[in-house]
Structures are given as structure tokens and as C-alpha cells.
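Here are a few notes to read alongside the model.

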Amino acid sequence: MNTLTGIEQDRITELLKNEENMFSRKNPRSRDLHLKGKQSLVHGVPMHWMSNWASPFPLYLKKAKGAWLMDVDDHEYADFCLGDSGAMFGHGNEDVSKVISDQVYKGSTVMLPTEDAVWIGENLQKRFGLPYWQFTTSATDANRFAIRISRIMTGRDKVLVFNGKYHGSVDETQVSMASGKMISQPGVHPNATDFNRTTKVIEFNDIEALDEALSSQDVACVLTEPIMTNVGMVPVKQGFHEALREITRRTGTLLIIDETHTISTSPQGYTGAYGLEPDILVLGKAIAGGIPAAFYGMSTEVAEVMHKYTELDNYKINHCGFGGTLAGNALTLRAIRATLEKVMTDNNYAHMKTMAERFEKGVTDIIREFHLPWHVTRIGARVEYMFSKEAPLNGGEALEANDPRLQAAIHLFLLNRGVLMTPFHNMALMCPQTREENVDKHTEAFRECVKQLV
Ligand SMILES: Cc1ncc(COP(=O)(O)O)c(C=O)c1O
């Protein structure tokens, strides 16, 4: 018996074996495509992580609509992964898809701004309370540029991140902690980054460590999610955000809030819902109906530096390090505007929250029924179950509580019964098209899985 998770490893092994066999039998077309794909693609997929599912090979997609998707073997799935937030507002949304196809015919990328840009700028001002905005093609890029402008503004090199974070493949953030010390992120080549020069890492919710780390006034910015979502979910301790803001201000450190996942909280993100006051706010993934896009907003003080730094000098070319040829193009802007206007609405969020509450209750009841030392965390439309009695206080605790084999067994069991969860953690997202039947499909399959495991 694993005293931490309450599940025996032998049971996990047996269940994994059965489910892998079932999966292989059920998915001959995906299996064939994967075998063929391996002849020309690394791991048989366009991005290596697309093969990192709990299944022996990935499902290949036929089509996706709303909260459902269908694979090439014609199985239907209730989708709670939703493209790991990229499709948090549903697949193939009618309002967004229509304008995307219209704009493709009218010109996608022309190196000129469109009227939509101005509409979006004004909307983002009202929505998130920051006065100036810029666009990128990914949240990773937005974070990279947020760090760059912070360094330009403060003249400092270091970025402070929290153990267990993920902000995209930003080099300076590829660190972890071991025995209280910073180490290079296991499994990630450091890419010649001298972390002692570029980075500090501490545990989330640790106000004392934060105060100490920033007191030397050599940190340009703190880059953080408002609550951690990439190491399982780590809720924020009462008073932490107030302390974070006070200490960053006192030490002249910029505060970057990455809302890429926590936009699940409300149409104004966690920032709007809880009155945070970041210097820079980053948001990507879900904002353009599946078109790669992100944006970052900044305070007047940061914008002043950015204006000055990026100014054209006597008609000379100025690359200045903030790039992206296709960023903020006509197509992207059209998709973002439609998403902001028609999809990121109070009504849709209210529905997503109701579905998430139903999901949370279903899982909580099963955890209680089987007396498991597990818990559930929810932030708006995002729900996560984790294999510890209490929510972890920080990334270190979250990593310790994880059991990747148990997680894989659950995910594969669910997949074989038509439920798709986000790989790497037990995270479920609700979109405006999620219905009670989707949620209940998960609840029933999850209960059956737990029953077999205990
Ligand atoms: C909080 C957060 N920020 C940024 C990113 C990077 O997003 P992208 O890979 O779309 O650049 C991720 C990706 O998972 C994320 O979770």
C-alpha cells in the first residue's frame, strides 16, 4: 500500500496492463497512423509532447466541436483537456470560426494594424485595468518579452520564479529546487543559461523567502501565476498576494502575473476577480479560437520605457528584441476580438463555473465514498484532483504528492471510456458547451476506476 495515495502499486500495474491492451485493440487506425508517422516525425507526432499521453500511442484526431472530440477510429470523447487551455472556450466556436474564415479571405497578415487592434486595446484596458498592450504568437513569447522589458527598465538581470512553475519554454525559468537550492530543471538542457546570473527560485507562498530573495535588489521581476496550475494546483495562502505586491514595490521589482491558465477564474482573470495589481499581465492560449496568439499588458511606467526603447531612430531599422512577424496580424486580431466580445462573457463563465462545481462535487463524493486521502481544487472553470489529503502549500509539496503511474492509470481508464483528461496532471476544464452529461460521464468512469483500484 502506498500510504501517501492509498493505492497499491500492484493494482496500478494490473490496471495499466489491462487498459493498455484494451486501448490497442480499440484504436487500430490511430495505431497505424502512429506507426507510419514514426517514419518521418519524431515520436510519430508534430510536437514531441503529443506522444506523452498515458496511452501506448496517441489518438489521432478526426474532428472536435464544443466540448466533444472524435478520433480517427470514430470514438467520441467528452473533452476536459480542451487543448490544455488552448480550447478553453470550446472547439470550433461558431462566432469565432466565422470571422476567422472571413478574414482569411480578406488577408491574414499585412504588416499593418487594423481597427480591431484599437477595439481590443480598449477592451483589455477595461477588462484588466492595465493601460497599454502588445501582442505575440504565444504565451511563451509574451513572458520572454515581459522579462526583457523588466530587465531594460530595472537594469537588473534576475527573474524570480516559484518552484514547480511553468511559463513556457523560457530559458531563464528552466530551474527547480533540490534540498532548498536552485538546480537546472531536470530533463531540460540549460541552453547555455547561467542560472546563477539570470534566476532565483523559491517556494510559492513563502513570504519570508520572497522578502530575503528580493532584498538584495538584483531581481528585475517576479514571474508567477496567481495560483500555481502546472504542478497540480497550488492555492495561494491568504495574504501572499498582498505581501508579494508590497515586497516587489518596496524593492523596485516588477510583478508579472501570467494568467494563461487562471483566466479560467473570470472574464477578468484572477487579477480582476481578486484585485491584483501587476506591472505586467500575460495571457495566451485560449484567446483567439485556436489561432496562436497571446498579449501582454503593462502599466504606464513600463509602457513609457517600452515606447522609448522601441522608437524608430531616424528611419533606421530597429529590431530591438521584441519580435514576431505574424504577431498581432489581421487574422489574429479578428479572432481575439470575437473571443473577447462573444465568448469571454459573464454568461459563459457562469455556465462554466456551474459545470466545474458539478465536476468538483462528483469527484469529492467519490473520494469520500472510498475514504481516499485525496483532495480537489477548483479555480472557476478549472478543476484538479490530487493524491494528497490537503492541497499542497507549494510546488515542492505538490511534486512529492504526485504518483505519475497512478495518474496514467486513471487517465487511460477514462480515455477507454470516452473521457479525455489533460496529460501530466488530473486537470479538467469546462467550456461554454460543456453539459451535465459530459461531467457525469467523467464522474461515472472515475468512480468505476477508483473502485477497481482500491
Ligand atoms: C502559465 C503558463 N504560461 C505560459 C505557457 C506557455 O504557453 P505556450 O506554450 O502557448 O507558449 C503555459 C503553457 O502551458 C502556461 O501554463
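How many residues of domain 1 are in contact with residues of domain 2?

1. The answer is 22 residues of domain 1, which touch 22 residues of domain 2, where contact means heavy atoms within 4.5 Å. Please keep in mind that this is a predicted model, in which local features need pLDDT of at least 70 and side-chain atom pairs count only at pLDDT 80 or more, while totals for chains, interfaces and linings use all residues. Residues are numbered from 1 along each chain as its sequence is written, and side-chain values use heavy atoms, with hydrogens and water left out.

2. Domain 1 covers 9-79 + 346-453 and domain 2 covers 95-343, with bounds from an automatic or database domain assignment. Their centres, taken over C-alpha atoms, lie 28 Å apart.

3. Between them the two domains bury about 1900 Å², with 63% of it on carbon and sulfur atoms; this is the accessible area (1.4 Å probe) that two parts lose on being put together, summed over both. On the side of domain 1, Tyr 349, Ile 379 and Arg 382 lose the most area to domain 2, together 34% of what that side buries.

4. There are 0 salt bridges between domain 1 and domain 2, a salt bridge being a side-chain nitrogen of Lys or Arg within 4 Å of a carboxyl oxygen of Asp or Glu. By class, the side of domain 1 that touches domain 2 has 11 nonpolar, 7 polar and 4 charged residues. Here Ala, Val, Leu, Ile, Met, Phe, Trp, Tyr, Cys and Pro count as nonpolar, Asp, Glu, Lys and Arg as charged, and the others, Gly among them, as polar.
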